[in-house]
Amino acid sequence: MYTFIKLGGSVITDKRGEEAADLPVIRQLAAELAVARQRRPEVRVILGHGSGSFGHVAATRYGVHRGRAAGVEPFGLAMTAGAALRLNRIVVEALLDAGLPAMAFQPSATLWAEGGQIASWATDHIEHALEEGLLPVIHGDVAFDHQQGTAIISTELLLAHLALSSNVVPNRIILVGEDAVYTADPRRDPEATRIPVISADNLATVLHGASGSHGVDVTGGMRSKLELMWRLVTTCPGLEVQLIGPTPGNLAAAVSGSPLESGTIIRAYAPR
Ligand SMILES: Nc1ncnc2c1ncn2[C@@H]1O[C@H](COP(=O)(O)OP(=O)(O)OP(=O)(O)O)[C@@H](O)[C@H]1O
Ligand SMILES: C=C(C)CCOP(=O)(O)O
């Protein structure tokens, strides 16, 4: 069984800036992952990261997510791919510096989209990388799209595709981003309170209080993230999704399976 992790663009960059990577946070998260891997070497991880103020700013500028309708030029597509890759390089170098065998797999090189969704993605190299003991690193990316010409594929869509359509079946997905899901957007509503567990009982209310991102974002923010993660936990038996913030110690604890007093867990089935 595998653990999928997404380092959210909202924590590894400043989403209100442009190409503003948060190096101290990236290094801290890389170090925590290294600690967790030493503690629990049997936990096999695929690491994804969002694009934050790199890809989202470029995609918005050139309209890549809207495809032909926005008259995307090759240069705009290439600039957006370049921005996503610049952040990817920063993340992978930090992981290598922390002693992790991180290797990047650029999704757009082997993926086709259709109407903004993944139509096909050749993931056999990623699966083989895991067998070789590597830490495969993927990232939200641009894509060629059969229907709309170009698209943006979020990290969550990539992780969902791996979970549903590859040989790599996760039992946990850890999303490092907002420190929890709240009853309303915590950046807008100071009265918002943390929701510790999302299940069938409160899903509708939770979705009602979830909205977009505080920064430039073309992949939907919290609401679309939750909808997709709910689809996954209801399709993959035993899968749990955990949303945590970047507070030091959280990622190491979550990967090691230690209980956390913070964050939100999404589960469709009662815990065993
Ligand atoms: N109910 C809610 N609870 C928590 N956060 C919420 C809620 N509703 C909206 N948000 C917003 O969701 C955003 C987090 O989603 P966002 O897509 O920006 O994260 P990310 O995955 O880290 O980014 P990226 O797509 O760049 O990787 C924050 O801006 C937060 O304010
Ligand atoms: C904007 C680009 C290039 C990718 C978006 O991926 P995400 O940050 O995971 O939503």
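How do the residues of the shell around ligand 2 divide into nonpolar, polar and charged? One is nonpolar, eight are polar and three are charged. Here Ala, Val, Leu, Ile, Met, Phe, Trp, Tyr, Cys and Pro count as nonpolar, Asp, Glu, Lys and Arg as charged, and the others, Gly among them, as polar.

This is a predicted model: local features need pLDDT of at least 70, side-chain atom pairs count only at pLDDT 80 or more, and totals for chains, interfaces and linings use all residues. Residues are numbered from 1 along each chain as its sequence is written, chains are lettered from A and ligands numbered from 1 in the order in which they are written, and side-chain values use heavy atoms, with hydrogens and water left out.

**View 1. The shell around ligand 2.** Residues around this ligand include K6, S51, H56, D141, T155 and T219 (a residue is near a molecule or strand if one of its heavy atoms lies within 4 Å of it). Helices α3 and α6 (155-165) each supply at least two residues. Helices (H or I, at least four residues) and strands (E, at least two) are DSSP runs, numbered from the N terminus.

View 2. A polar contact is a pair of N or O atoms within 3.5 Å. An oxygen atom of ligand 2 lies 2.9 Å from a side-chain N or O atom of H56. For T155 the distance is 2.6 Å, and for T219 it is 2.5 Å. Taken alone, ligand 2 exposes 320 Å², and the protein buries 98% of that (Shrake-Rupley method, 1.4 Å probe).

**View 3. Ligand 1 and its surroundings.** Of the 29 residues around ligand 1, S10, D185, S213, H214 and K225 come nearest. An oxygen atom of ligand 1 is 2.5 Å from a side-chain N or O atom of K225. H56 also takes part, at 3.3 Å, and D217 at 3.4 Å. Alone, ligand 1 exposes 650 Å²; the protein buries 98% of that. The shell holds seven nonpolar, 14 polar and eight charged residues. Helix α8 gives the most, with three residues.

**View 4. The open sheet.** Eight strands follow the order β3-β6-β2-β1-β9-β13-β14-β12, with mixed pairing (two strands pair if DSSP finds at least two bridges between them). Strands β3 (102-104) and β12 (197-198) stand at the edges with a single partner strand each, so one side of each has no neighbour in the sheet. Strands β1 (residues 2-7) and β9 (residues 170-176) run parallel, joined by six bridges. F4 has I173 of β9 as its bridge partner.

Key:
A polar contact is a pair of N or O atoms within 3.5 Å; within protein, one must be able to donate a hydrogen and the other to accept it, and residues adjacent in sequence count only if both atoms are side-chain atoms.
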